[in-house]
Amino acid sequence: MSSLPTQPEPILRIQPMPSDVNMHGDIFGGWIMAQVDIAGGVAAARRAKGRVATVAVNEFVFKHPVLVGDLLSLYAKVVRVGRTSITVAVEVYAERGIPDTQVFRVTEATLTYVCVGEDRRPHPVPAE
């Protein structure tokens with residue numbers, strides 16, 4: 001069990017539903033991956049000041065199962081900026097149980113996005 005990170009606000013907060021489960025009754029990993037990509041894309045787009053496209057999932061680790069009813073908080077942080085690329089680290093925490101809430105870091109991932117223009121071709125990341 002862990003506590004939520006010190007970042008002030010999650011970039012995304014969502015609660016999985018019964019339609020998101022796999023054949024074992026846990027939340028489907030692909031659903032979690034989609035939420036991580038959305039959260040990472042928001043952080044990358046903010047840094048790019050515009051459109052980005054996912055080009056790589058560099059690392060993805062599932063640490064604990066996610067259950068229906070968990071409240072997921074996704075935290076994203078830009079960890080590297082290249083000429084046209086932005087690498088983002090995403091951590092996912094699950095809050096489980098009321099009134100005795102437990103917090104678990106359930107997933108962590110690193111993704112790379114490319115900054116793209118209206119023509120969807122790579123272009124340099126703007127200066128901050």
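1. Is Glu 95 buried, partly exposed or exposed? Glu 95 is partly exposed, at a relative accessible area of 21%; the classes here are buried under 20% relative accessible area, exposed over 50%, and partly exposed in between (1.4 Å probe, protein chains only).

2. A word on the ground rules. This is a predicted model, in which local features need pLDDT of at least 70 and side-chain atom pairs count only at pLDDT 80 or more, while totals for chains, interfaces and linings use all residues. Residues are numbered from 1 along each chain as its sequence is written, and side-chain values use heavy atoms, with hydrogens and water left out.

3. For the terms: strands (E, at least two residues) and helices (H or I, at least four) are DSSP runs numbered from the N terminus, and two strands pair if DSSP finds at least two bridges between them.

4. Now the pairings one by one. Strand 3 and strand 4 run antiparallel and are joined by 10 bridges, with Tyr 75 partnered by Glu 91 in strand 4; a hairpin through 3 residues links the two strands. Strand 4 pairs with strand 5 over 12 bridges, again in the antiparallel sense, and Arg 96 has Gln 102 of strand 5 as its bridge partner. The hairpin of strand 4 and strand 5 has 5 residues between the strands, and there Gly 97 takes a positive phi near 90 degrees. Strand 2 and strand 5 (residues 102-115) share 9 antiparallel bridges, including the one from Phe 62 to Thr 107 in strand 5.

5. What lies across the sheet strands? Just after helix 1, Lys 49 has a positive phi of about 55 degrees.

6. The buried residues of helix 1 include Trp 31, Ile 32, Val 36, Ala 39 and Arg 47. Their cover includes strand 1, strand 2, strand 3, strand 4 and strand 5.

7. On to the core. A nonpolar core is a set of buried Ala, Val, Leu, Ile, Met, Phe, Trp, Tyr and Cys residues joined through side-chain atoms within 4.5 Å. The largest one has 25 residues, and Val 36, Leu 72, Leu 74, Val 88, Val 90, Val 92 and Val 106 have the most contacts inside it. Helix 1, strand 3, strand 4 and strand 5 supply at least two residues each, and helix 1 gives the most, with 7 residues. Beyond its neighbours within four places in sequence, Val 106 is in contact (heavy atoms within 4.5 Å) with residues including Val 61, Phe 62, Leu 72 and Val 92.

8. Finally, the charged pairs. A salt bridge needs a side-chain nitrogen of Lys or Arg within 4 Å of a carboxyl oxygen of Asp or Glu, and the count comes to 6. Glu 95 and Arg 13 form one of them, at 3.7 Å from N to O. Glu 95 is in strand 4 and Arg 13 in strand 1, so this pair ties together parts 82 residues apart in sequence. Arg 13 is partly exposed, at 43% relative accessible area.

9. One network deserves a look of its own: Lys 63, Glu 91, Arg 105 and Glu 108 are linked by salt bridges. Within it, the closest N and O atoms are 4.0 Å apart for Glu 108 with Lys 63 and 3.4 Å apart for Arg 105 with Glu 108. Glu 108 is partly exposed at 21% relative accessibility, as are Lys 63 at 38% and Arg 105 at 29%.
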